[in-house]
Amino acid sequence: MKSPCIEKKHYLFNFILLIYMGLSGMQVYSQKKDKNTSVSTKENNLQSSSSNKTLSQLPTDFIDVSAVKAYFVIADRFRAHQEPTVQEWTSLFTSPIHTMMITAGVLDTTKFKHDMQLIYTEGMAKNKTEAKNDAKNVQTDSDLAHHLKYQKLEKQLLAHISFLEASSIQQNIFSYLQPFLPARLLIKDKLPKQYYVFYGNEDATAGPGMVINDLLLSYKIDRYKLGILSAHETFHAIVSEAFTNLLKNDFSNQDPNAILLYFLSNVSQEGVADLIDKPALTQSNSPVLKEMESLTENEIMLSKSYITKLDSLIQAKSTNIDYNLLFQKFSKHGGHIPGRVMGQAIKQAGLLPTLIHSIEDPVLFFELYNQAVQKNKSELPSLSVTSLSYLREIRERYLKQI
């Protein structure tokens with residue numbers, strides 16, 4: 001991914017999760033190092049492997065750090081110039097998140113093993129030439145670079161694992177979410193499970209029933225504001241599941257209008273989720289301030305352009321809509337732009353409580369955005385009457401009443 005931190009492609013991993021649970025047949029892609037890798041051909045295997053397995057059957061403890069514990073056991077082996085056992089690798093790769101990533105084709109276990117051995121074997125190379133090659137590989141390979149960060153901060157990360165196991169992060173997440181979710185969706189004892197893993201980059205993501213945190217990113221942010229990024233992701237986990245439940249039984253994910261609804265849902269989710277954590281993460285003392293500045297660069301100008309283009313697309317009632325291309329042509333950073341700007345407009349207009357009441361309805365987000373533009377006397381573009389009318393038709397066709 002172009003951005004090293006936080007603004008991940010929710011829309012990608014959400015659909016890996018949905019396919020894994022057998023809930024969706026839509027084509028999905030995983031983008032790694034700016035490459036598109038189709039995993040649609042693995043769909044049948046994913047559905048087969050998950051046919052008897054649901055998220056509700058996974059362990060119920062709120063925090064799961066088993067994968068990162070297994071990671072550092074293997075690191076110790078390599079450091080001692082020992083070969084990790086089959087059981088030790090199995091403990092890592094059969095963790096729920098890595099199992100999904102492997103099955104979906106976004107985690108290459110052979111490369112993962114090679115990278116860990118290279119980073120954690122003392123000295124990394126036998127001579128200067130090999131050392132130079134190793135250094136060059138680390139500079140050009142984001143996976144290797146991330147392993148190196150883990151190696152350098154291992155003591156702190158191990159301490160953070162212990163901290164997470166003993167922390168009150170569940171209460172913190174709940175508190176952060178209370179202003180942004182209706183009581184019917186926010187139940188403290190039923191918050192989605194938090195998985196901490198070596199993710200391959202400083203990232204976090206979520207899907208129905210689970211949140212996936214890169215341990216290093218968690219270490220950085222949780223020392224600053226415990227649980228605030230997890231709250232952002234938990235919002236996605238809860239609302240994406242609520243949106244799925246809102247779909248009528250005859251919903252078909254091959255219908256272009258359905259694909260459009262999924263895209264609008266993602267934009268609307270980002271628009272509210274960013275109200276949870278971005279005000280804190282953009283402060284001068286934020287540990288990810290530089291990343292935030294990069295990810296919000298020109299967001300007003302870009303948002304105006306994307307909203308105008310999206311309005312034209314909706315007016316055209318296009319029958320040739322591709323899910324992945326929607327994110328490339330009508331948004332940036334997986335929907336954070338224009339979502340964040342639209343969400344801020346809704347909040348500024350005092351319309352956020354109305355949105356929260358029916359938070360899983362993406363059409364409402366766009367209706368309230370239009371009202372906010374008028375109320376705020378904003379220079380942001382409105383959606384046309386034709387577009388709003390068509391979105392309401394789609395809502396009537398595909399969504400149940402809340």
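This is a predicted model: local features need pLDDT of at least 70, side-chain atom pairs count only at pLDDT 80 or more; totals for chains, interfaces and linings use all residues.

Visitor: Okay, how many helices and strands does the protein chain have?
Guide: The protein chain has 20 helices and six strands, and buried residues make up 57% of its 402 residues.

Visitor: And what about the accessible surface?
Guide: It comes to about 17,600 Å² for the protein chain, with 49% of that belonging to carbon and sulfur atoms.

Visitor: What share of the contacts with a separation of 6 or more is between residues 24 or more positions apart?
Guide: Among contacts in the protein chain with a separation of 6 or more, 74% are between residues 24 or more positions apart.

Visitor: On to the rings, then: how many aromatic pairs are there in the whole structure?
Guide: A search of the whole structure finds 15 aromatic pairs. One of them joins Tyr 150 and Phe 198, an edge-to-face pair with 4.8 Å from centre to centre and 65° between the planes.

Visitor: Where do Tyr 150 and Phe 198 sit in the chain?
Guide: Tyr 150 belongs to helix H8 (residues 142-152), while Phe 198 is in the loop between strand E4 (193-197) and strand E5 (204-207), so the pair links distant parts of the chain, 48 residues apart.

Visitor: Are those two buried or exposed?
Guide: Tyr 150 counts as buried because its relative accessibility is 0%, and Phe 198 is buried as well, with a relative accessible area of 5%; the cut-off for buried is under 20%.

Visitor: Why is the pair of Phe 243 and Tyr 262 edge-to-face?
Guide: The ring centres of Phe 243 and Tyr 262 are 5.2 Å apart and their planes are at 80°, so the pair is edge-to-face, given that planes over 60 degrees apart fall in that class. Phe 243 lies in helix H12 (residues 228-246) and Tyr 262 in helix H13 (residues 256-281), so the pair ties together parts 19 residues apart in sequence. Phe 243 counts as buried at 2% relative accessibility, and Tyr 262 does too at 9%.

Visitor: Which residues do ring pairs link into a cluster?
Guide: The cluster consists of Tyr 71, Phe 72, Phe 78, Trp 89, Phe 93, Phe 112, Tyr 120, Tyr 150 and Phe 198.

Visitor: Switching topic, which ring does the charged end of Arg 223 sit over, and which one for Lys 309?
Guide: The charged end of Arg 223 sits over the ring of Tyr 219, 4.0 Å from its centre, whereas the charged end of Lys 309 sits over the ring of Phe 330, 5.4 Å from its centre.

Definitions and conventions: Residues are numbered from 1 along each chain as its sequence is written. Side-chain values use heavy atoms; hydrogens and water are left out. Helices (H or I, at least four residues) and strands (E, at least two) are DSSP runs, numbered from the N terminus. Buried means under 20% relative accessible area, exposed over 50%, partly exposed in between (1.4 Å probe, protein chains only). Contact means heavy atoms within 4.5 Å. Accessible areas come from the Shrake-Rupley method with a 1.4 Å probe; for residues, only the protein chains shown count as cover. Rings of Phe, Tyr and Trp (its six-membered ring) pair if their centres lie within 6.5 Å; planes under 30 degrees apart count as stacked, over 60 as edge-to-face and the rest as tilted. A charge sits over a ring if NZ of Lys or CZ of Arg is within 6 Å of the ring centre and within 35 degrees of the ring normal.
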